[in-house]
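This briefing covers a pocket, a sheet and some aromatic pairs. Please look at the structure below before reading on.

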Amino acid sequence: MFRVRPKRKFINSASLVAFLNSKYGRKEIEKYSMVGNQANFSPAKFREISIPIFSQILNDNIEYITYSSFQKLEKSNSLYLSAEDILNKELNITNVENSKNYSIKSLSESFVKSKRLDAEYYQDKYDKLFSLIKNEKRLSEIVTITKSVEPGSDKYKEDGIQFIRVSNLSKFGLSDTDIYLDRERFKTTIKPKKDTILFSKDGSIGIAYKVEKDIDAITSSALLHLTITTKDVLSDYLTLVLNSKIVQLQAERDSGGSIIEHWRLSEIENVLIPILNLNIQSQITQKVQESFKLRKQSKDLLNKAVKAVDIAIEKSEEDAIKWLKENTNEYFTNDKLK
């Protein structure tokens with residue numbers, strides 16, 4: 001990574017970022033990249049790329065939209081942290097990891113019960129966690145768990161149906177993939193449906209994301225599909241819990257003896273989930289949904305800034321500014337744009 005400080009008399013930071021993310025900026029970067037076993041784009045090569053010089057009015061508009069996007073993202077993060085805070089305070093688990101670094105167990109309390117001999121499994125913080133979880137149910141009692149397929153890299157294609165792996169998953173969504181599978185061959189394979197919770201069991205274990213709409217894609221077998229089977233648990237609440245310290249500590253305990261992170265399905269089925277009353281779950285859900293709404297708006301605004309750059313290059317700055325005014329009034333009134 002390297003840092004770039006644009007000279008504002010030519011272009012501001014927001015407009016430069018929008019250009020570098022546009023199709024014309026990507027072409028400039030690719031033209032000067034050195035591609036071998038690993039692509040490389042050096043600071044020296046960066047100095048050689050062509051940068052468009054926009055008028056002050058277009059620079060200002062792109063800057064306003066970009067910083068509006070950042071403000072929405074900051075508010076989104078704040079709301080998500082607020083939802084986590086409600087959960088932590090309800091269960092009083094804020095300081096659960098501040099526990100003593102040893103634990104004394106008899107054989108009947110340890111190996112006879114768990115069949116585990118690794119000392120990490122019996123750390124005091126896990127006992128403390130389980131003592132704080134109230135009204136709990138095992139995950140298998142509140143969801144059905146379905147596995148997908150692992151086709152192997154020899155089945156990867158450059159087009160077809162998208163193949164989503166753990167590397168494409170975060171608690172905030174799914175990133176684009178450049179790996180595809182033969183659509184006909186995998187036409188009967190399970191696909192993510194609206195309100196399904198995708199949950200990782202290999203690699204970066206314990207990441208959960210609730211699918212907002214049906215997705216035309218195949219997921220790796222490392223991603224479990226969870227479907228809620230009870231009215232006592234709201235999907236956004238469960239997703240937050242699965243991403244929380246409550247489940248992350250259980251994942252850490254279960255996978256502690258593995259060289260490669262792997263969480264066995266039998267262990268995942270027995271994960272303890274606290275069931276708070278529906279009023280608290282609704283409070284958490286409201287904050288989570290508003291957080292995701294703002295995150296989506298933030299991403300949309302950045303995409304519009306990039307689109308404006310493309311229009312300015314392909315047509316004119318006047319067309320770009322007109323397009324911005326017509327396509328951003330859902331976020332702020334047009335008098336905010338020049």
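The largest pocket has a lining of 28 residues, and those nearest its centre are Phe172, Gly173, Leu174, Tyr209 and Lys299. The model is predicted: local features need pLDDT of at least 70, side-chain atom pairs count only at pLDDT 80 or more, and totals for chains, interfaces and linings use all residues. Residues are numbered from 1 along each chain as its sequence is written, and side-chain values use heavy atoms, with hydrogens and water left out.

**Pocket**

- Strand 3 (161-164), strand 5 (173-174), strand 8 (208-210) and helix 11 (278-314) are the elements that give two or more residues to this lining.
- Helix 11 contributes the most, with ten residues.
- Helices (H or I, at least four residues) and strands (E, at least two) are DSSP runs, numbered from the N terminus.
- The space in the largest pocket is about 1,000 Å³.
- A pocket is an open set of points on a 1 Å grid over the protein atoms alone where a 1.4 Å probe fits, with protein on both sides within 12 Å along at least five of seven lines; lining residues have an atom within 4 Å of a point.
- The volume is the space filled by probe spheres set on the points, which are joined across faces, edges and corners.
- Sorted by class, the lining has twelve charged residues (Asp, Glu, Lys and Arg), nine nonpolar ones (Ala, Val, Leu, Ile, Met, Phe, Trp, Tyr, Cys and Pro) and seven polar ones (the others, Gly among them).

- An open sheet of four strands runs in the order 2-10-7-8, with antiparallel pairing.
- Its edge strands, strand 2 (143-146) and strand 8, each pair on one side only.
- Strands pair if DSSP finds at least two bridges between them.
- Strand 7 (residues 197-200) pairs with strand 8 over three bridges in the antiparallel sense, and Tyr209 in strand 8 is the bridge partner of Leu198.

**Aromatic pairs**

- There are eight aromatic pairs in the structure.
- Rings of Phe, Tyr and Trp (its six-membered ring) pair if their centres lie within 6.5 Å; planes under 30 degrees apart count as stacked, over 60 as edge-to-face and the rest as tilted.
- Phe172 and Phe292 have ring centres 6.0 Å apart and planes at 50°, so this pair is tilted.
- That pair links distant parts of the chain, 120 residues apart: Phe172 is in the loop between strand 4 (169-170) and strand 5, and Phe292 is in helix 11.
- Tyr80, Phe172, Tyr209 and Phe292 make up one aromatic cluster.
- Phe172 is partly exposed, its relative accessible area being 28%, whereas Phe41 and Phe46 are both buried.
- Buried means under 20% relative accessible area, exposed over 50%, and partly exposed in between (1.4 Å probe, protein chains only).
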